[in-house]
Amino acid sequence: MGQFLQQLINGIQIGSIYALIALGYTMVYGIVRLINFAHADIFMFGAYMGFFLAPVMTKIFGGAFIPTIIAAMLITGLLGFVMEKLAYRPLRYKSRLSALITALGVSIFLENFCALPFVFGPAYRAFPDLIVAGNLPISASLGLTIPYVLLLDVGVSVFLMVLLFWFVNKTLIGKQMRAVAFDKPTASLMGINIDVVISTAFIVGPALAGAGGILYGTTYGMLGSPFLGIWPGLKAFIAAVLGGIGNIPGAVLGAYVMGISEAFATSVNSNLGYGIAFVILIGILLIRPSGLLGKFMPEKV
Amino acid sequence: MRKLFAIVLVCALIAGVGVGCKAKVGVVNLGGIFPMTGASATFGTSSKNGVAMAVEEFNTAGGAMVGGVKTTINYINEDDTGLPEVGASAAQKLINQDKVIGIIGAVMSKVSLAVAPIAQAAGVPEISPTSTNAKVTLVGDYIFRACFIDPFQGTVMANYVYNTLGLKTAAVLYDNGNDYNKGLAEYFKAGFEKLGGKVVDYEAFTDEAKTVDYKPQLTKIKAANPEFLYLPNYYGSVALILKQARGMGLNVPAGGGDGWDSPDLVKIGGTAVEGGIFSNHFSKDDKSPAVQQFVTKYTTKYGEAPDALAALAYDAAGLFLDAFKKSGSIKGSDIRDAMKNTSFVGIGGAYKFDENRDPIKSAVIIKIVNGQQTYLATVNP
């Protein structure tokens with residue numbers, strides 16, 4: 001029983017990191033119907049920004065976590081804005097496949113550019129401790145503990161999810177976003193500035209990935225290489241599909257399902273861990289092809 | 001116009017002959033394949049430094065006489081990024097384009113296993129400084145190595161833990177995507193159980209480049225309550241595993257193999273890796289004069305103390321160049337024969353190859369004390 005609950009806690013921790021990446025995937029897809037493969041690399045970029053900014057922030061503000069995460073979100077937001085302007089905007093009215101290939105290109109460029117010795121370099125880096133390490137004991141008899149960093153991960157991802165939900169549903173720009181997602185030409189006829197809406201999506205999505213990067217660094221205390229975004233990014237993408245791509249609560253739900261099934265599958269057989277997690281996903285998608293919370297919408301011809 | 005062309009051509013010919021006449025000194029290419037970028041980049045840098053130093057000394061000492069012509073070595077270093085497929089294309093490039101007389105590399109067993117068949121088919125001798133997986137040299141008679149193999153390394157650790165430390169139960173957590181990690185894990189388990197110990201949990205993870213969260217496995221290991229944790233993985237994942245293990249209160253002693261040998265282990269792992277023990281090929285604190293002389297030379301040249309990767313790469317290159325000099329030939333089969341019968345004395349002692357072209361040599365046990373690698377013991381085969 002103790003081990004079961006501890007694995008659940010492990011899964012929730014893995015899931016919260018996926019959740020923040022999945023939110024960005026889902027949001028950009030919802031509005032421009034583009035799977036932004038470079039999203040995982042923006043996540044990586046955010047983590048490295050945390051690595052470089054944390055010492056500076058500690059010097060200026062004393063505590064490092066909140067200023068670092070805000071600064072990293074601003075920088076990755078800016079990166080997303082520039083990326084959209086340079087790489088995706090020129091292709092907006094071209095075939096969707098071209099944009100997809102461009103997204104792959106941007107992703108490969110970011111990874112390899114950042115791996116250059118004079119940028120971030122390929123070597124391991126120890127991520128600074130932004131919060132107090134330790135565990136919250138829950139039950140001594142079951143040997144159950146919750147790491148402080150888990151509370152932080154879940155707290156930040158749920159907070160940002162609620163904030164994003166409010167932003168999309170209650171603010172004017174959010175309403176415009178939904179209108180653009182629904183029908184781009186009509187929205188533009190109604191006087192909505194599509195450029196502004198899409199730019200906003202490319203600022204908000206990457207900013208969330210930046211926050212995810214900071215949480216990743218804080219949780220694991222190490223940045224492997226500028227290629228570190230690939231796997232969390234891939235799994236977060238699957239989580240977004242699982243939850244119903246384009247659906248904001250769905251992305252978070254999908255991420256937690258993904259994280260928890262990964263933890264349990266690994267505990268059953270660590271050799272097959274990854275495989276079992278993916279089998280569960282295929283099973284869910286067979287029953288609900290549009291994802292857990294997605295609506296099935298046939299392609300209109 | 002045609003006249004001008006003729007003049008240019010004649011000039012070029014004369015110039016060409018002139019250069020040809022001057023070239024009493026021949027130069028041949030030697031290739032190296034190491035992970036210069038990627039997760040194991042420190043391995044590549046150390047190895048390249050070691051080979052470059054050996055080549056430089058060889059050239060300064062006058063090179064080799066090939067058919068009466070003084071011949072020196074031009075060293076070409078390729079990056080395998082730690083991936084077998086990249087290593088394989090680097091080998092193709094070195095053999096077909098650069099016409100190398102031999103290849104030093106690779107570091108990781110999985111990359112060497114991809115490079116070796118290409119070298120074997122082309123008849124180019126390859127010597128891996130540090131690939132410890134037993135299968136590497138079994139690829140063919142052109143493939144050598146300068147280090148001991150996994151059965152020895154895994155068994156040495158099992159012996160040390162059971163007999164010297166007196167610990168009777170152990171758990172293993174290894175990367176199942178890599179031949180090196182798998183080999184060490186298997187031989188440790190077999191050795192430990194043969195002595196009467198018990199492996200209470202045997203867990204795997206999928207590729208260190210993909211896995212950062214080891215808590216599901218560690219939760220299980222903690223429940224099995226072992227006295228020792230064997231982690232036959234590379235330094236990055238070892239540091240992460242131990243951080244997470246210590247974070248959840250799994251405080252038993254831990255150990256591993258030569259994949260631990262990197263300054264980054266302590267840099268990332270901090271206090272979590274304190275007290276860890278691992279088997280290795282070389283310790284810079286070994287008091288033998290050959291080792292101390294090498295440490296001084298290397299430190300002067302590169303500004304940092306050599307690790308085992310640098311030492312073995314230096315020896316591997318030295319052994320190859322010695323065979324090249326003795327054979328006096330750039331033919332692969334001649335150099336191979338000279339290597340088989342080598343009596344080269346390097347910093348790791350005298351090299352003798354067994355019938356599988358694996359050297360017979362000793363291992364050292366190193367412990368991390370106050371963040372420093374400390375020499376514990378030398379274990380003979």
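Guide: Helices (H or I, at least four residues) and strands (E, at least two) are DSSP runs, numbered from the N terminus. This is a predicted model, in which local features need pLDDT of at least 70, side-chain atom pairs count only at pLDDT 80 or more, and totals for chains, interfaces and linings use all residues. Residues are numbered from 1 along each chain as its sequence is written, and chains are lettered from A and ligands numbered from 1 in the order in which they are written.

Visitor: How many helices and strands are in chain B?

Guide: Chain B has 12 helices and 15 strands. Its radius of gyration is 23 Å, close to the 21 Å that the globule rule gives for 381 residues, so chain B is as compact as a globular protein of that length. That radius is taken over C-alpha atoms, and the rule is 2.2 Å times the number of residues to the power 0.38.

Visitor: What percentage of chain B counts as buried?

Guide: 56% of its 381 residues. Buried means that 20 or more other C-beta atoms, placed from the backbone, lie within 10 Å of the residue's own.

Visitor: Which domains is chain B divided into?

Guide: Domain 1 (24–148 + 288–350) and domain 2 (150–280 + 365–379); the bounds come from an automatic or database domain assignment. The contact between them takes 16 residues from domain 1 of chain B and 17 residues from domain 2 of chain B. Contact here requires C-beta atoms, placed from the backbone, within 7 Å.

Visitor: Which helix gives the most to the domain 1 side?

Guide: H4(B), with 3 residues. By class, that side of domain 1 of chain B has 7 nonpolar, 6 polar and 3 charged residues. Ala, Val, Leu, Ile, Met, Phe, Trp, Tyr, Cys and Pro count as nonpolar, Asp, Glu, Lys and Arg as charged, and the others, Gly among them, as polar.

Visitor: Is H8(A) mostly covered or exposed?

Guide: Mostly covered, with 22 of its 27 residues buried. H8(A) is followed by Gly221(A), whose phi is positive, near 70 degrees.

How values were computed
Contact = placed C-beta atoms within 7 Å. Buried ≥ 20, exposed ≤ 12 C-beta atoms within 10 Å, placed from the backbone.
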